[in-house]
Amino acid sequence: MNSWSLETAPAFVYDAGRDLWTASGVTLSAGDEFKIVFNNSWLTNMNRSIAGGGTVQPNTPVHVVYEPTFNMVAGQSGTFDLTLDLSTYGGTLLLQPVAAQ
């Protein structure tokens with residue numbers, strides 16, 4: 001578990017020009033479990049994960065849905081930009097590795 005709390009969960013910023021939500025510079029370790037939280041509440045019907053849980057690999061978009069029970073699992077360690085596209089039903093999530101400086 002990555003031990004995010006509502007206070008430490010990465011903030012997603014909306015880009016109206018691209019119609020995407022992005023959380024930048026998120027550090028995950030392989031095996032970390034995570035979920036996307038909306039409106040600063042774990043109880044909202046907007047929280048997103050992979051149906052039934054599942055592993056997210058970098059550069060591979062995954063379909064996410066409202067998922068109150070299961071978390072996603074990071075497939076690799078690293079620092080990522082998490083991009084959420086809600087223009088389709090449920091949405092898609094993409095983990096893009098951040099290049100080392």
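T22 touches A11, F12, V13, D81, L82 and T83, leaving out residues up to four places away in sequence; a contact means heavy atoms within 4.5 Å. T22 lies in strand β2 and, at 15% relative accessibility, counts as buried. Buried means under 20% relative accessible area, exposed means over 50%, and partly exposed is in between, with a 1.4 Å probe and protein chains only. The model is predicted: local features need pLDDT of at least 70 and side-chain atom pairs count only at pLDDT 80 or more, while totals for chains, interfaces and linings use all residues. Residues are numbered from 1 along each chain as its sequence is written, and side-chain values use heavy atoms, with hydrogens and water left out.

**Overall composition**

- The protein has 10 strands and zero helices; both kinds of element are DSSP runs numbered from the N terminus, with helices (H or I) of at least four residues and strands (E) of at least two.
- Of the 101 residues of the protein, 37% count as buried.
- The accessible surface comes to about 5700 Å², and carbon and sulfur atoms hold 53% of it; these areas come from the Shrake-Rupley method with a 1.4 Å probe, and for residues only the protein chains shown count as cover.
- Among contacts in the protein with a separation of 6 or more, 54% are between residues 24 or more positions apart.

**The five-stranded sheet**

- Strands of a sheet pair through backbone hydrogen bonds, either parallel or antiparallel.
- An open sheet is formed by five strands in the order β1-β2-β9-β10-β6, with antiparallel pairing; two strands pair if DSSP finds at least two bridges between them.
- At the edges stand β1 (13-15) and β6 (62-63), each with a single partner strand, so one side of each has no neighbour in the sheet.
- Strand β9 (residues 78-85) and strand β10 (residues 92-97) run antiparallel and are joined by six bridges.
- Within this pairing, L84 stands opposite L93 in β10, and D81 has Q96 in β10 as its bridge partner.
- The hairpin of β9 and β10 has six residues between the strands, and G90 in this hairpin takes a positive phi near 80 degrees.
- Strands β6 and β10 pair in the antiparallel sense over two bridges, and V62 stands opposite L93 in β10.

**The three-stranded sheet**

- Three strands form another open sheet, in the order β3-β8-β5, and the pairing is mixed.
- Here β3 (33-34) and β5 are the edge strands, each with a single partner, so one side of each is left without a neighbour in the sheet.
- Strands β3 and β8 run antiparallel and are joined by two bridges; F34 has M72 in β8 as its bridge partner.

**The nonpolar core**

- The largest nonpolar core has 21 residues, and those with the most contacts inside it are L28, F34, M72, L82, L93 and L95.
- Such a core is a set of buried Ala, Val, Leu, Ile, Met, Phe, Trp, Tyr and Cys residues joined through side-chain atoms within 4.5 Å.
- The elements giving two or more residues to this core are β2 (20-28), β8 (72-74), β9 and β10.

**Side-chain pairs**

- A search of the whole structure finds one aromatic pair.
- Y14 and W21 form this pair, which is tilted, with 4.9 Å from centre to centre and 45 degrees between the planes.
- Rings of Phe, Tyr and Trp (its six-membered ring) pair if their centres lie within 6.5 Å; planes under 30 degrees apart count as stacked, over 60 as edge-to-face and the rest as tilted.
- Y14 is partly exposed at 39% relative accessibility, and W21 is partly exposed with a relative accessible area of 28%.
- The search of the whole structure also finds one salt bridge, defined as a side-chain nitrogen of Lys or Arg within 4 Å of a carboxyl oxygen of Asp or Glu.
- R18 forms the salt bridge with D15, with the closest N and O atoms 3.1 Å apart; D15 is partly exposed, with a relative accessible area of 29%.

**A loop residue, N59**

- N59 is located in the loop between β5 (54-56) and β6, and at 52% relative accessibility N59 counts as exposed.
- Leaving aside neighbours within four places in sequence, N59 is in contact with L94, L95, Q96 and P97.
- N59 and F80 are 21 residues apart in sequence and 9.9 Å apart in space, C-alpha to C-alpha.
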